[in-house]
Structure formats: C-alpha cells, structure tokens
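Open the model in your viewer and get ready to select residues by number. At each stop, pick the residues named and look at what surrounds them.

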Amino acid sequence: MSDNKTEKMGFEAEVSRLLHMMVHSVYSDREIFLRELISNASDACDKLRYASLTDDSLKTDGEDFGISIVVDGEAKTITLSDNGIGMDREDLIENLGTIARSGTANFVDKLTGDSKKDVQMIGQFGVGFYSVFMVADKVTVTTKKAGDDKAWVWTSTGEGSFEIGEAEKDSQGTDIVLHMKEDADEFLEEYRLKTIITTYSDHIAVPISLLVKPAPAKDGEDTPEAPEAKVVNEGSAIWARPKSEITDEQYTEFYRHVGHAYDEPAHRLHYSVEGMQEYTVLLFVPTKKPMDLFDPARKNRVKLYVKRVFISDDSADILPGWLRFMRGIVDSQDLPLNVSREMLQNNPVVSRMSKAITKKILADFEKMAEKEPEKFEAIWAEFGGVIKEGIYEDFERRDQLLKLARFKSTGVEGWTSLSDYVSRMKDKQSKIFYITGTDEAALRKSPQLEGFAARGIEVLIMADAVDDFWLQATPDFEGKGFSSITKGASDLDEISETEDKKDKEEKATDSQMTTLITLMKEVLGDKVSDVRASNRLTSTACCLVASDSGMDMAMERILQAHNQLDQMTAKVLEINPSHALVRKLAEKAAEKGAVDNLADPVWLIFDQARILEGEPLDDAAEFARRMSNTMEAGLA
Ligand code: ADP
C-alpha cells in the first residue's frame, strides 16, 4: 500500500480464525464492540496514571484523562480516542496481532466452524478488541506510547493480515477509527450510542465524551453549527458511590469490565472500612469458572487501587490463592500512592487488609450457606474445588473451611455439609467414609460402595482433584477421622448388619474361603499384596483396595499422571463370599489339580477387578485367551 515504511504482516492463525468469525458474524449484540473499546481505553488511562507516579517524565496534565468518541455520519466513521499509555510497534504486533489472553485462546480452540454455534459463544467469552470487525470493515489504530517519540499506525480489514507503519501524532494515547459496515448505520446515531455507553460503560472512571457531527449543509442551507462534545457517563469510580445509587445492571457491567468477564456475577460484596485501616472493597463471585482458574500461576485477579488510582492487577496478594476466582477491586487509603509493585509483595498493610477481607468473605459465605443454601451451593459447585485448597494451605482457617465445605454423598440428594453427615452417622460408626476419584457418576458405580449401601452407611463422593490432598493433611472433622472406602480392611458388620438375609445364607464357608484364598495367592503371586474375603461387596464378585499402610488408589493415580510414581503398587484383591462365581470357585478349590484348573478364572477375576478400577490390563492377549477358554468351557 503506501510508503516503504509500511509493513504488511499476517495475523497469528488463531486470530485469523477469530477474525473470520467476527467479519461474518450475525451476532445480535454487536454493540458490545463499544464496551470493549472503552474498557481498553480506560485501562490505558489507568496504566499511564500509575506509570506517571513513579516516572516523572511521563507526567501528563494531571487529571485530564479522558475518552472521546466522534461520529462522522457522512464518512461513516466512529473515532474513539484516549490519552492513555498508548502502544509502541512491538505492543501493537503483540496486542493486535496475536492472542495474548489465555481465555481467548481457549475460546478459539472451541470454534467449530459452524457460524451459528460459534456466534453463540461470543457472548460467553467476549473477544476484546477484535469484536470491532463485527461492525467495521476497516479499522485504523494510530497510537503513541507515553515517553516515546514515534507514533505508529496499524490498519486492517480483518482479513488475514494487518499493516503497520510510522505515523504522525502529537500526544500520547490511541485513536481508533472504525469505518463502519453498510449494515451498521445504527451505531452512527447519537441516541443509540448514548444508550450503549450508559448501559455498558457508565461505571468507567474517566469521562467519556460524545460528539456526533452534523450532516453537511445542503445547497442553500446555512452551515450547521458544530455542536459541543458532551460527557455521557457518570465518570466517577463506581465503588465510591453510595450503594443505593448503583443499579444491579451497573454492578454487572462493572464486574464484566474489571473481571474481563462475560457472565453475570453470582454474588457481590461492597463495603468500606474506616478506622485503623481504611479501604473500600467491591468484589464479585462469578457464575462460571474464569478461563484461567486452573493456571499453574494461581494468580489473584483482584485489582488494587490506592486512593482511586489503579496500581496493580496481579502483583498484590490481596486474596489467598484459594479465593482466586473472585473478581473486583480493593481501594486502599493507607498505602502510599507511589507504591511500586515490588513493594506490594509481603507488604504488611496489604497482608492485614487481605486477612480482614478474607474473613469478611468467609463470614459472608457462612451467612449465605445458612440463609440462601441454594445460592451458596451453586457457588460451591463451581468453586468448591478451589476453596478446598484452603483446607490444607491455610491452617488457621481449616476448621472454618471444613464447616463451610459441601459434599456429594450417597446418603442425600444434592449437597451435604460434614456436620450434617456426622449427624446421620450410624451409632457405632466412628469415621467419615469417603471415596475419591475424578468423576462423580463413575464413583457412584464403584463396587466398593455396595457393602456400605447394603448397610445404610453413608459415603461421601469426592470428585475434585484437590480432595486427595486435603484429606491427607486433615486428620479429622470435630473428632471424627476420615476413612477411604478403597483403602484398608473394613469391618462393616461391626457398624451395622446387612439387611439382606439371603446374602448371609448363601455364602461360601470360612474353610472353603481359606482354601480358595490360598489358591488365589499362589496363582496371582506378587500381582496382589493380599487376597481376602470382603464385606464391602454385595453384587460384584471382586474389587481392589489399597492396603492399610499403602497410599489410596486415587492418590497413586494422580502421582502417576504427574510422573511422580513409576508403577502402581500391588493392591489387595477382595472377593465376595456371597457371589455365585466365588462360591463355585470355593467349592472347587479343594479338588485335585485345582491350581491348574482354576488358574484362568482366578486371573479373570483379578482382571475384572482391575477393569472396574479403570486400570489397564497387563496383558490383553492373555486376557482374551483366558476369556475365550473359559467361555468355551462354560458353553460346552
Ligand atoms: P483485553 O483487553 O481483554 O486484554 P483486547 O483484545 O481488547 O484484550 O486488547 C488486547 C490488548 O491491546 C490489551 O490488553 C492492551 O494491552 C492493548 N490495547 C488495546 N486497546 C488499547 C488502547 N486503547 N491503549 C493501549 N493499549 C490498548
């Protein structure tokens, strides 16, 4: 295109896919492009305000940060300008050429190519700057980074590539010109734009001015007077306003802006503290898991402000890692304005504030759990897996978190607390029984549960990865220990007898079982650490459990998945003396030549137990051979 200083560059592949979708979008809420641009412009002002606190050379005209929107109906353009931090060439390529946010990359991975389905996802994910291509067929970004001499211009039609070159611009900041599509005229109208800004961006703390240029005079008419730009937003920090003056919609839009979120907040907490420490808190619990929730960095996303000035959104430990799903702001009156990000690490003011806020959040959750259990359970269902990290990380709050925690259980529909579980325990039951794994539905089918079900003993179903960790570190809940039902011997008859009489009558005798068990140990050798009769089982023939002193099986699996454990250790094979197959084997175990004759069925029982645990077979070919032989013999 133009001069030789202009360079053409391709978008990163994911961006191209995203843009393709934007360009051809039929999404009905196209107006969100404006929210995205205003949100970015406001962030840019926040960044410069912060940078200028510590770098005198970046001093701007004090409080004069602002965003202006100018509409030219004749040229069909919208120009959005800010006097924030601006971007240099590298920033432009990185920010407007690749996908930086992990959440957005995730979104692109989910694109199906079916435009209807993809478009529905926009609302769920939001896609920042790139959403401009829903309404514009050409976009020019002219920008100058604060402190730099050079300005740059980025241009694209959203089709595969962009151009970047040097530009002229006097002051720092960014001007974005949207050349609107034919079918996007509605966004050139003053009333429409005003409504969009007040709906989505009223909480933005810098003034947003709007100017719609009048149509040029027709022949014979006077040239219309140029109107003045009008500020259309409230322009003050939302958290500093009285609660009674803030609508739910305004809270929601602020949450979306501050949390880069697209859902509704499930809950909010807005309060100020005065006295020894002074600060204001406006925090939200999302409805849905944020994309970066399980990032290894476990970063806190709460923004820290000092006296309304944005300081940091990732370096301060305002909340503990196990509350990292919370979004929002904390505005401190006590920290010095020129606090550097490094100074925020291990800062006593921040840690005192963090403690107090964490306490308040927990108190709030406790109240909700009691007064609005359904609301709390919905939050727990989404974030309980993260909050439980606190049980082993935050020793001081362990008991409080254990009380707050909710679990799935074989005893009740929905969720239960540990206190409620304990209140339902059998008279002679001294332990809280649980099973851990990765999938609730699969866990509910575990054979190890059968004996508990038959005796009416309740078992907690724990399907979060974190469960194995906190359980290891937590000896008891109010004096009741935790006991895995897939580990160690269980003497369930001591707690409660099974009601099924038939089971008892049709059982292999003790001496038959002893003979069979000796035979099985001989056949299986070191593949098992022990073989024993089970009272955990009713309808299944066999199951595997970890030995008393061994590690629980779910934990071994986690360690193996993380390459911390080469091989699973040998397990205890438990067999069900009431099961028809076991009874038959027990009858035959005393016969001559039994070790040879029963070897195949014994191995098959062992393999069956492994399959039930989701373990791979050691030797699939052997398994198939034994299976065929045994079936053939059965059919003969
Ligand atoms: P997000 O805002 O969610 O990070 P965007 O796609 O909207 O994603 O923007 C990408 C990045 O581009 C921003 O994070 C910011 O660094 C940069 N950016 C966008 N608009 C501006 C602007 N007006 N001024 C300075 N930087 C900007």
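Select Thr77. Thr77 sits in strand 3, residues 77-82. Strands here are DSSP runs of E with at least two residues, helices are runs of H or I with at least four, and both are numbered from the N terminus. Is Thr77 buried or exposed? Thr77 counts as buried because its relative accessibility is 10%. Buried means under 20% relative accessible area, exposed means over 50%, and partly exposed is in between, with a 1.4 Å probe and protein chains only. Thr77 and Glu613 are 536 residues apart in sequence. In space, C-alpha to C-alpha, Thr77 and Glu613 are 63 Å apart.

Before the next stop, a word on the model. This is a predicted model, in which local features need pLDDT of at least 70, side-chain atom pairs count only at pLDDT 80 or more, and totals for chains, interfaces and linings use all residues. Residues are numbered from 1 along each chain as its sequence is written, and side-chain values use heavy atoms, with hydrogens and water left out.

Go to Glu587. Glu587 belongs to helix 21, residues 580-588. Glu587 is exposed, because its relative accessible area is 51%. Glu587 and Thr515 are 72 residues apart in sequence, with 9.3 Å between them in space, C-alpha to C-alpha.

**Salt bridges**

Next come charged pairs. A salt bridge is a side-chain nitrogen of Lys or Arg within 4 Å of a carboxyl oxygen of Asp or Glu. How many salt bridges does the structure hold? There are 43 salt bridges.

Select Glu166 and Lys150. Glu166 and Lys150 form a salt bridge, and their closest N and O atoms are 3.7 Å apart. Glu166 is in strand 6 (residues 161-167), while Lys150 is in the loop between strand 4 (136-144) and strand 5 (151-156), so the pair ties together parts that are 16 residues apart in sequence. Glu166 is partly exposed, with a relative accessible area of 36%. Lys150 is partly exposed too, at 44%.

Move to Glu186 and Arg192. Their side chains meet in a salt bridge, 3.0 Å from N to O. Glu186 counts as partly exposed at 30% relative accessibility. Arg192 is partly exposed, with a relative accessible area of 24%. Now widen the selection to Arg30, Glu31, Asp183, Glu186 and Arg192. These residues are linked in a network of salt bridges.

One more pair: select Asp618 and Arg610. Their side chains meet in a salt bridge of 3.7 Å, N to O. Arg610 counts as buried, because its relative accessibility is 14%.

**Aromatic rings**

A pair of aromatic rings is described by the distance of the centres and the angle of the planes. Rings of Phe, Tyr and Trp (its six-membered ring) pair if their centres lie within 6.5 Å; planes under 30 degrees apart are stacked, over 60 edge-to-face, and the rest tilted. By this rule the count is 20 aromatic pairs.

Start with Phe129 and Tyr130. Their ring centres are 5.9 Å apart and their planes stand at 75 degrees, so the pair is edge-to-face. Phe129 and Tyr130 are both buried.

Then select Tyr392 and Phe469. This aromatic pair is tilted, with 6.4 Å centre to centre and 35 degrees between the planes. The pair links distant parts of the chain: Tyr392 is in helix 11 (residues 389-393) and Phe469 in helix 16 (residues 467-473), 77 residues apart. Tyr392 counts as partly exposed at 36% relative accessibility. Phe469 is partly exposed, with a relative accessible area of 33%.

Now pick a group: Trp239, Tyr251, Phe254, Tyr255, Phe284, Tyr305 and Phe310. They form one aromatic cluster.

**Positive phi**

Most residues other than glycine have a negative phi. Select Glu478. Glu478 is not a glycine, yet has a positive phi of about 45 degrees. Where is Glu478? Glu478 lies in the loop between strand 19 (476-477) and strand 20 (480-484). Glu478 counts as exposed, at 54% relative accessibility.

Finish at Asn563. Asn563 has a positive phi of about 55 degrees, although it is not a glycine. Asn563 is in the loop between helix 20 (553-561) and strand 23 (571-575). At 70% relative accessibility, Asn563 counts as exposed.
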